[in-house]
Protein chains: 2
Amino acid sequence: MILHGYFRSSAAWRIRIALGLKGLEAQHVSHHLRKGEQRSDAYLKLNPQGLVPALETDDGAVLTQSLAIIEYLDTLKAEPRLIPADPIEAAKVRSFALAIACEIHPLQNLRVLKKLGAMGHDEAAVQGWAREVIADGLAALEIVASAEKGPFCFGDAPTLADICLVPQLGNARRFGVDLSAYPRLMAAEAACQALDAFAAATPDRQPDAE
Amino acid sequence: MILHGYFRSSAAWRIRIALGLKGLEAQHVSHHLRKGEQRSDAYLKLNPQGLVPALETDDGAVLTQSLAIIEYLDTLKAEPRLIPADPIEAAKVRSFALAIACEIHPLQNLRVLKKLGAMGHDEAAVQGWAREVIADGLAALEIVASAEKGPFCFGDAPTLADICLVPQLGNARRFGVDLSAYPRLMAAEAACQALDAFAAATPDRQPDAE
């Protein structure tokens with residue numbers, strides 16, 4: 001398999017964690033987002049959305065959108081399950097992941113921050129927007145996770161929820177969000193960081209890191 | 001089951017379509033988004049994210065995030081499948097749905113448009129932002145769908161992809177996006193509109209419609 005990504009992309013980071021947890025290998029190809037390489041003609045042929053990540057499977061299929069790719073990876077090997085077998089538990093895990101992927105991340109990614117800049121907002125205002133979006137989203141997830149057993153977001157093993165949480169907390173730090181208000185989420189992150197799959201997936205450990 | 005929604009919420013609209021396609025019944029409870037009823041203490045106890053939809057199951061579980069809810073509904077009855085059984089096909093359908101749920105809808109929903117207004121942008125600028133986000137997203141999806149057999153987004157039956165597409169096209173019209181550039185998506189929408197489940201789910205047919 002070939003993973004098209006970028007060291008700092010949270011969505012690609014999610015895939016790196018999932019590959020590690022499942023014990024799957026992929027060749028990594030980097031596309032420099034700040035230089036706009038994901039909008040090149042060659043890459044747009046692969047993924048018309050012009051986004052990383054994209055996963056080329058061994059059969060030559062090109063899969064896009066990180067959560068769809070992780071659902072696919074979860075079918076390649078039975079264990080460990082990234083999405084629980086029980087439908088209600090699965091819904092809770094997916095909901096947590098989607099609350100990050102739909103409500104937080106899209107509002108603080110490079111594309112939106114660039115749009116805000118182009119609309120005349122200075123760097124401080126743009127960073128403030130990102131901090132507010134992240135803090136609001138994490139506050140709701142702190143309540144959700146606090147109702148669940150730890151140490152991970154949902155019990156004693158990492159799931160798709162943790163896979164989305166850890167990169168989002170990485171972004172939170174990058175924007176200077178005060179994380180002391182989210183002890184339950186921080187505890188889940190600490191449990192994740194003790195695992196090789198999470199440790200090896202951080203942006204600073206990627207070959208394209210700057 | 002109880003569906004907490006709002007006639008104009010695209011995410012609740014997705015659930016209404018899914019319920020119809022699966023032949024499932026739910027009691028509908030409306031929360032007026034423009035009046036902020038989804039941020040009431042009582043509703044926040046149900047869903048700390050303060051968003052509709054939420055689905056209360058017969059067992060009393062509260063499920064949130066529309067795509068997670070639809071994955072759950074898809075497990076309640078085997079047919080018709082909203083997400084294909086084949087993992088690659090499933091990934092393609094989920095990716096299409098996520099491209100709407102993560103890349104388009106969050107950037108044009110009421111919350112973001114209100115934030116832009118509060119930052120001093122006038123109504124014309126805010127509507128322009130929404131139109132641009134929607135047009136960019138639909139352009140990529142037009143390419144994706146054009147590579148697939150019709151009449152629906154993925155073949156001869158509606159899936160999660162169509163369930164997300166139809167409300168997004170509804171929003172596109174509300175913001176005045178020129179849809180003539182997306183003939184493949186319009187054809188999928190037309191195929192959907194011929195089905196009772198889609199026809200009965202439109203905002204104007206809901207009891208809380210204004």
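This is a predicted model: local features need pLDDT of at least 70, side-chain atom pairs count only at pLDDT 80 or more; totals for chains, interfaces and linings use all residues.
What kind of unit do S1(A), helix H1 of chain A and S2(A) make? A right-handed β-α-β unit.

Strand S1 covers residues 2–5, and strand S2 covers residues 27–30. The two strands run parallel, and four bridges join them. One pair to look at is Gly5(A), which stands opposite Ser30(A) in S2(A).

Next, helix H3 of chain A. Is H3(A) mostly covered or mostly open? Mostly covered: eight of its 11 residues are buried. The buried run goes Ser66(A), Leu67(A), Ala68(A), Ile69(A), Ile70(A), Glu71(A), Tyr72(A) and Leu73(A). Look at what they pack against. Within chain A, the partners are H1, S3, S4, H4 and H8. From the other chain, H4 of chain B joins in. Further along H3(A) sits Thr75(A). Thr75(A) has 13 other C-beta atoms within 10 Å, so this residue is partly exposed. Now find Lys22(A). Thr75(A) and Lys22(A) are 53 residues apart in sequence, yet their C-alpha atoms are 10.0 Å apart in space.

Gln65(A) lies in the loop between strand S4, residues 62–64, and helix H3, residues 66–76. Its phi is near 70°, a positive value in a residue other than glycine. Most residues other than glycine have a negative phi. Gln65(A) also counts as buried, because 27 C-beta neighbours lie inside 10 Å. Gln65(B) lies in the loop between S4 and H3 of chain B, and its phi is near 70°. With 27 C-beta neighbours inside 10 Å, Gln65(B) counts as buried.

Two prolines next. Pro53(A) is in the loop between helix H2, residues 41–46, and strand S3, residues 54–56. The bond from Gly150(A) to Pro151(A) is cis as well, again with omega near 5°. Pro151(A) is found in the loop between helices H7 and H8 of chain A. For background, most peptide bonds are trans.

Now bring in both chains. How is chain B laid on chain A? By a turn of 180° and a shift of 0.0 Å along the axis, with an RMSD of 0.0 Å. That is the relation of a two-fold axis. Which residue of chain B comes closest to that axis? Cys102(B), with its C-alpha at 2.2 Å.

On to the contact. Chain B puts in 31 residues, and chain A puts in 32. On the chain B side, the elements giving two or more residues are S4, H3, H4, H5 and H7. H4(B) gives the most, with 11 residues. By type, the chain B side divides into 22 nonpolar, six polar and three charged. Do the copies meet through the same surface or different ones? The same surface, since 100% of the interface residues of chain B are also interface residues in chain A.

Stay with chain B and follow H7. H7(B) has 24 residues. At 1.5 Å a residue, it should span 34 Å, and its end C-alpha atoms are 34 Å apart, so the two agree. Its buried residues include Trp129(B), Val133(B), Gly137(B), Leu141(B) and Val144(B). Residues three or four places apart on an α-helix point the same way, because there are 3.6 residues a turn. The buried residues of H7(B) pack against H4, H5, H6, H8 and H9 of chain B.

Last stop, Leu82(B). This residue lies in the loop between H3 and H4 of chain B. Is Leu82(B) buried or exposed? Buried, with 23 other C-beta atoms within 10 Å. Beyond its neighbours within four places in sequence, Leu82(B) is in contact with Ala18(B), Leu21(B), Ile70(B), Asp74(B), Thr159(B), Leu160(B) and Ile163(B). Arg94(B) is 12 residues from Leu82(B) in sequence and 10.0 Å from Leu82(B) in space, C-alpha to C-alpha.

That is the tour. Thank you.

Terms used. Residues are numbered from 1 along each chain as its sequence is written. Chains are lettered from A and ligands numbered from 1 in the order in which they are written. Copies are superposed by least squares on the C-alpha atoms of residues with pLDDT of at least 70 in both. Two residues are in contact if their C-beta atoms, placed from the backbone, lie within 7 Å. Ala, Val, Leu, Ile, Met, Phe, Trp, Tyr, Cys and Pro count as nonpolar, Asp, Glu, Lys and Arg as charged, and the others, Gly among them, as polar. The expected span of a helix is 1.5 Å times one less than its number of residues. A residue is buried if 20 or more other C-beta atoms lie within 10 Å of its own, exposed if 12 or fewer, and partly exposed in between; C-beta atoms are placed from the backbone. Two strands pair if DSSP finds at least two bridges between them. A crossover is right-handed if, with the strands pointing away from the viewer, the path from the first strand over the helix to the second runs clockwise.
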